[in-house]
Amino acid sequence: MNRRNFIRSGCTFCAGAIGAGFIVSTMCSCASLPIYKGTTEQNKISIPLSNFKDSKILIVRNNQMEFDILLVKNSETDVNALLMKCSHQDNQLTATKNGLFCSAHGSSFDLQGNVTKEPAMSPLSKFRTEINNQIITVFLK
Ligand code: FES
């Protein structure tokens, strides 16, 4: 499933769930999460810490990458960068404030990238990060 189809199916799911009267705050919070559209330079993306605003998570989107990256701010000096690609069969994940969810077969992951629900068996891929002068650098290789 490519990104465009995923977004279309994800939004269709949310709209359907809301129409059916389900409480979907955790599954549909993707729309309310901040998104930073960064550019890559020499296999790195730089993101000002100020983009987190009131949230401890931030989605980083880049046209050169097939999958988004979820940044999780553990502290002012510690940020995790998780590839939003399901470790089961490579589906784009949906991020929420509580973790990540895969719409393909129902796997879920915590904000550290650990599996919380199978069928996925492996944690999410992580990128090395560095914080200097209020700028987070994500090293893509
Ligand atoms: S691809 Fe994500 S659970 Fe199967």
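Contact here means heavy atoms within 4.5 Å of each other. The model is predicted: local features need pLDDT of at least 70, side-chain atom pairs count only at pLDDT 80 or more, and totals for chains, interfaces and linings use all residues. Residues are numbered from 1 along each chain as its sequence is written, and side-chain values use heavy atoms, leaving out hydrogens and water.

Leaving aside residues up to four places away in sequence, Asn80 touches Leu70, Leu71, Val72, Asn74, Leu111 and Gln112. Asn80 belongs to strand β6, residues 78-83; strands are DSSP runs of E with at least two residues, numbered from the N terminus. With a relative accessible area of 13%, Asn80 is buried (under 20% relative accessible area, 1.4 Å probe, protein chains only). The side chains of Asn80 and Gln112 are joined by a polar contact of 2.5 Å; such a contact is a pair of N or O atoms within 3.5 Å, where within protein one must be able to donate a hydrogen and the other to accept it, and residues adjacent in sequence count only if both atoms are side-chain atoms.

Four strands form an open sheet in the order β7-β8-β9-β10, with antiparallel pairing (two strands pair if DSSP finds at least two bridges between them). The edge strands, β7 and β10, each pair on one side only. Two bridges join β8 to β9, and Leu100 stands opposite Phe109 in β9.

| Strand | Residues |
|---|---|
| β7 | 94-95 |
| β8 | 100-101 |
| β9 | 108-109 |
| β10 | 115-117 |

The average pLDDT (the predictor's confidence in each residue, from 0 to 100) is 82, and 78% of the residues score at least 70. Over residues 4-30 the pLDDT is below 50, and this stretch has 23 contacts in the model beyond near neighbours in sequence. Where pLDDT is low, predicted coordinates should not be read in detail.

Conventions
Buried means under 20% relative accessible area, exposed over 50%, partly exposed in between (1.4 Å probe, protein chains only).
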